[in-house]
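Here is a friendly walk through one protein chain, meant to be read with the model open beside you. Take a look at the structure first, and then follow the headings below.

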Amino acid sequence: EPSDCGVPEIHTLLERWATEAGGTFVARIAGEPWLFLADVEEVHAFLKARPHLFRKTSSALRSNPALFMADGHVWREQRRRTAPAFNEAQTDKMVPAFARAGRALCHAISAHA
């Protein structure tokens, strides 16, 4: 289903792919393979195995990993420093900014489609 600016809703597309693939699939995004798990049991198994068997490896972020792409001690230190900014009161304040940024991105994508 297209959004208000004509771009398909990504969650709808991922849900369709998960249904077609049986819940687990790999998609290339910006040239990088991304693993998608839609089955709850597979997610639990993956989280138990990580970080020992699976590492976060994005070539775009290897030199300076951000919080969501970091592992081990780097993740722990970044998480400790950023935790106060992600409490409920702070994230509620972020919603309008994320909504504006999402609309702007959607319009930018539509302009180049």
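## A charged trio in helix α3

Let's begin in helix α3 (residues 72-82), where arginine 80 and glutamate 77 sit three residues apart, about one turn of the helix. Helices here are DSSP runs of H or I with at least four residues, strands are runs of E with at least two, and both are numbered from the N terminus. The side chains of arginine 80 and glutamate 77 meet in a salt bridge, with 2.6 Å from N to O. The term salt bridge is used for a side-chain nitrogen of Lys or Arg within 4 Å of a carboxyl oxygen of Asp or Glu. Side chains of opposite charge can pair when their charged atoms come close.

Glutamate 77 also has a salt bridge with arginine 81, at 2.7 Å from N to O. Arginine 81 and glutamate 77 are four residues apart in helix α3, again about one turn. Through shared partners, the salt bridges join Glu77, Arg80 and Arg81 into one network. How much of each residue is open to the surroundings? Arginine 80 is exposed at 54% relative accessibility, and arginine 81 is exposed at 60%. Glutamate 77 has a relative accessible area of 30%, so it counts as partly exposed. For these labels, buried means under 20% relative accessible area, exposed means over 50%, and partly exposed lies in between, using a 1.4 Å probe and protein chains only.

## About the model

This is a predicted model, in which local features need pLDDT of at least 70 and side-chain atom pairs count only at pLDDT 80 or more, while totals for chains, interfaces and linings use all residues. Residues are numbered from 1 along each chain as its sequence is written, and side-chain values use heavy atoms, leaving out hydrogens and water.

## The chain as a whole

The protein chain has four helices and two strands, and along the sequence they follow the pattern α-β-β-α-α-α. Of the 113 residues in the chain, 14% are buried. The accessible surface comes to about 9,000 Å², and 61% of that belongs to carbon and sulfur atoms; such areas come from the Shrake-Rupley method with a 1.4 Å probe, and for residues only the protein chains shown count as cover.

Contacts, meaning heavy atoms within 4.5 Å, can also be sorted by distance along the sequence. Among the contacts in the chain with a separation of 6 or more, 17% are between residues 24 or more positions apart.

## A salt bridge in helix α1

The whole structure holds three salt bridges. One of them links the side chains of glutamate 20 and arginine 16, at 3.5 Å from N to O. Both residues lie in helix α1 (residues 10-21), four residues apart, about one turn of the helix. Glutamate 20 counts as exposed at 59% relative accessibility, whereas arginine 16 counts as partly exposed at 46%.

## The hairpin

Strands β1 and β2 run antiparallel and are joined by six bridges. Two strands are taken to pair if DSSP finds at least two bridges between them. Which residue in β2 is the bridge partner of arginine 28? The partner is proline 33.

## An aromatic cluster and its neighbour

A search of the whole structure finds two aromatic pairs. The rings of tryptophan 17 and phenylalanine 25 have centres 5.9 Å apart and planes at 85 degrees, so this pair is edge-to-face. Phenylalanine 25 also pairs with phenylalanine 36, and here the rings are stacked, at 4.9 Å centre to centre with 10 degrees between the planes. Phenylalanine 25 lies in strand β1 (residues 24-29) and phenylalanine 36 in strand β2 (residues 32-37), so the pair ties together parts that are eleven residues apart in sequence. Rings of Phe, Tyr and Trp (its six-membered ring) pair if their centres lie within 6.5 Å; planes under 30 degrees apart are stacked, over 60 edge-to-face, and the rest tilted.

Together, ring pairs link Trp17, Phe25 and Phe36 into a cluster. Phenylalanine 25 is buried at 10% relative accessibility, while tryptophan 17 is partly exposed at 31%. Leucine 14, in helix α1, is in contact with Phe25 and Phe36, leaving aside its neighbours within four places in sequence. The C-alpha atoms of leucine 14 and phenylalanine 25 are separated by 9.5 Å, and leucine 14 is partly exposed, with a relative accessible area of 23%.
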